[in-house]
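Please examine the sequence and the three-dimensional structure shown here before reading the notes that accompany them.

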Amino acid sequence: MTWTFDELLDAFRALGGVADNVTLRSGPHGRGLFPKRPTQPIKLYAPPNLLFREDDLEFVDGRLVLKPEAEVGAGERAFFDAYSESFGWGGGGRADCEGFLARLAAVPDTLRNAVNAQLMIEGFFDGDKDKPNRAESRFIGTRKIRRREHMVLMPVLELINHTSVGPLMDLKDGAKLEGVFADEIKFRYAVTDALGVFTSWGFASDEVLAYSLPLTFRFRKRTVVVHRQVGKAVKGGQFQPPKVTVENEVTTLSHVLLGHRSYPKLAKTQFYAALREAGGVDAETIFDTIAHHNRLRYLKVLEVVEDRPGDLVNELRRMARFQLGALSYALGVRSDADKTEETAATNEAVLEPEEP
């Protein structure tokens, strides 16, 4: 069974979904959702019964279906089957994933090795080449979203493209997105940086913040180890300082925020405070050293991809440039008098950047 988009929305609404003032068409980022009336608010809502758990899914004879034992109603099962064939895996998703993997395979070994050495993203260019069903894995991996303890697919809402400045998906009760969108409807897939978007979804995005690459270097008589555990960087809508551990002569940081366009004082303020609590010394020099090594590595990436052809290489080039731009927004340290709320879950499209 294949559906038109209007037929899809009729079935979606019949099962409790809400889709007000939305239509499907192609835009600058390919297929996406747009408001029918740009001056009016849109409302999209997928109730819990229309969020399908990853562990309930399987590929059978080239089709993405729900497992027979999945505890899903007959109506929801029929809806998922038709959605998957019309707009999901069978409706362009397979071709998109296979095309991306082909672009990965076209990157020369010398180039991928040089980029891996700088960015520590071993395995990305391989596209999990040693795994069976790579296209299927990529399809699920780039569309699933965490809701409570489960990873789920959210038909209809997964057709929305990413924005670096905009709302996050409300996942408290189902999946919900509301607001006025002058042009394409978008939401922020994750609070991450340009490298995170590139390695997760394969495209370049001009993000508002930048985290450090994994690093290990000597500072005086100590070894400094920087991890990239960005999942620990935001909790409860608030940016979290790095977790610092000091053992013997090794100082380890869970992550380091290096810049934020909306909050240019945030990176150094949190870093200095975290090292001070851990008994660290000369936090300013350590921060500058981490930022310096990051800049050098992204500049090296720009050097090795210079004049190289290919769509994926072009996205890599843009990603490095975006990351360097975000890295530049680490300006000064906040005093108690000028602290403002540091909320990741807010709509950053409406924030006014603070003065350095």
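Predicted model: local features only at pLDDT ≥ 70, side-chain atom pairs only at ≥ 80, totals over all residues.

Residues are numbered from 1 along each chain as its sequence is written, and side-chain values use heavy atoms, with hydrogens and water left out.

- Ser-205 belongs to the loop between α6 (194-201) and β13 (209-211); helices (H or I, at least four residues) and strands (E, at least two) are DSSP runs, numbered from the N terminus.
- With a relative accessible area of 8%, Ser-205 is buried; buried means under 20% relative accessible area, exposed over 50% and partly exposed in between, for a 1.4 Å probe and protein chains only.
- The side chain of Ser-205 forms polar contacts with the side chains of His-162, at 3.5 Å, and Glu-207, at 2.5 Å.
- A polar contact is a pair of N or O atoms within 3.5 Å; within protein, one must be able to donate a hydrogen and the other to accept it, and residues adjacent in sequence count only if both atoms are side-chain atoms.
- Apart from its neighbours within four places in sequence, Ser-205 is in contact (heavy atoms within 4.5 Å) with His-162, Ser-164, Ala-194, Val-197 and Phe-322.

**Aromatic rings**

- The structure contains twelve aromatic pairs; rings of Phe, Tyr and Trp (its six-membered ring) pair if their centres lie within 6.5 Å, and planes under 30 degrees apart count as stacked, over 60 as edge-to-face and the rest as tilted.
- The pair of Trp-3 and Phe-79 is tilted, because the planes are at 45 degrees, and the ring centres are 6.0 Å apart.
- Trp-3 lies in the segment before α1 (5-14) and Phe-79 in helix α2 (residues 74-86), so this pair ties together parts 76 residues apart in sequence.

**Charges over rings**

- The charged end of Arg-25 sits over the ring of Phe-34, 4.0 Å from its centre; this requires NZ of Lys or CZ of Arg within 6 Å of the ring centre and within 35 degrees of the ring normal.
- Arg-138 lies over the face of Phe-100, 3.6 Å from the ring centre.

**Positive phi angles**

- Most residues other than glycine have a negative phi.
- Asn-21 is not a glycine, yet its phi is positive, at about 65 degrees; Asn-21 lies in the loop between β1 (18-20) and β2 (22-27) and is buried at 8% relative accessibility.
- Met-120 has a positive phi near 60 degrees; Met-120 is in the loop between α4 (109-119) and α5 (134-141) and counts as partly exposed at 42% relative accessibility.
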